[in-house]
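Here is a briefing on charged side-chain contacts. Keep the coordinates open while you read.

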Amino acid sequence: MLTYWIPEGPCLLPANASHQVGVGGFVINENNEVLVVQERYCTPTFAGLWKLPTGFILESEEIFEGAVREVKEETGIDSEFVEVIAFRHAHNVAFEKSDLFFICMLKPVSTKIMVDDHEIQAAKWMPLVDFVEQPLIQGDKMFKKIIDICIARLGRRYCGLHPHQVISKFDGKESTLYYNVVETIDANCEANSSS
């Protein structure tokens, strides 16, 4: 993009987008099976790896909407957003951009898998214990930590962030603020409060 800054002084236009935002869906069913996929196109290091469905959110799409959409697109599984479990911030990733990646816990509302064969090689429900025992998961500190957090959440030893719609007087626009209120906690580790 070619730009020209008319006022005197340094140009204050941003060079271009500085971040990309991705989501991953941790979907687990009542049989303690995780919804996993194998990418059709990946580096040889990741060939054969069963991983969580992931993707980028669209412009003006909420994080929770993007997670549900990506799971549906890749696997055909309908799901409901539960909470953001964790997020990672990395720099100099694709196109030298920074990357925000949100791990979201989702609850499945359907079970029949229909693979998107443009992006995905295969998808299945995998026992959680088998998913965790994959050598690449065990050998990678970040993957291992993400799974440990997800397992802690399943055991009600951790609570993630829930979306709350708020309007700021600063711009008058509705935004989604992700936070967890720890006033009273029910058996599902979900905060009970008024927004």
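The model is predicted. Across the whole structure, a search returns eight salt bridges.

**The network around arginine 69**
- Four residues, Glu61, Arg69, Glu70 and Glu73, are joined in a network of salt bridges.
- Arginine 69 pairs with glutamate 61, at 2.7 Å from N to O.
- Arginine 69 also bridges to glutamate 73, where the closest N and O atoms lie 3.0 Å apart.
- Helix α1 spans residues 63-75, and arginine 69 and glutamate 73 sit four residues apart in it, so about one helical turn separates them.

- Arginine 69 is buried, at 16% relative accessible area.
- Glutamate 61 is buried as well, with a value of 14%.
- Both fall under the 20% cut-off for buried.
- Glutamate 73 is partly exposed, at 37%.

- Lysine 144 and aspartate 148 form a salt bridge, with 3.1 Å between the closest N and O atoms.
- Helix α4 covers residues 141-154, and the two residues are four apart in it, which means a separation of about one helical turn.
- Lysine 144 is partly exposed, with a relative accessible area of 27%.
- Aspartate 148 is partly exposed too, at 32%.

Key: Residues numbered from 1 in each chain as written. Predicted model: local features only at pLDDT ≥ 70, side-chain atom pairs only at ≥ 80, totals over all residues. Heavy atoms only, no water. Salt bridge = Lys/Arg side-chain N within 4 Å of Asp/Glu carboxyl O. Buried < 20%, exposed > 50% of the residue type's maximum accessible area, 1.4 Å probe, protein only.
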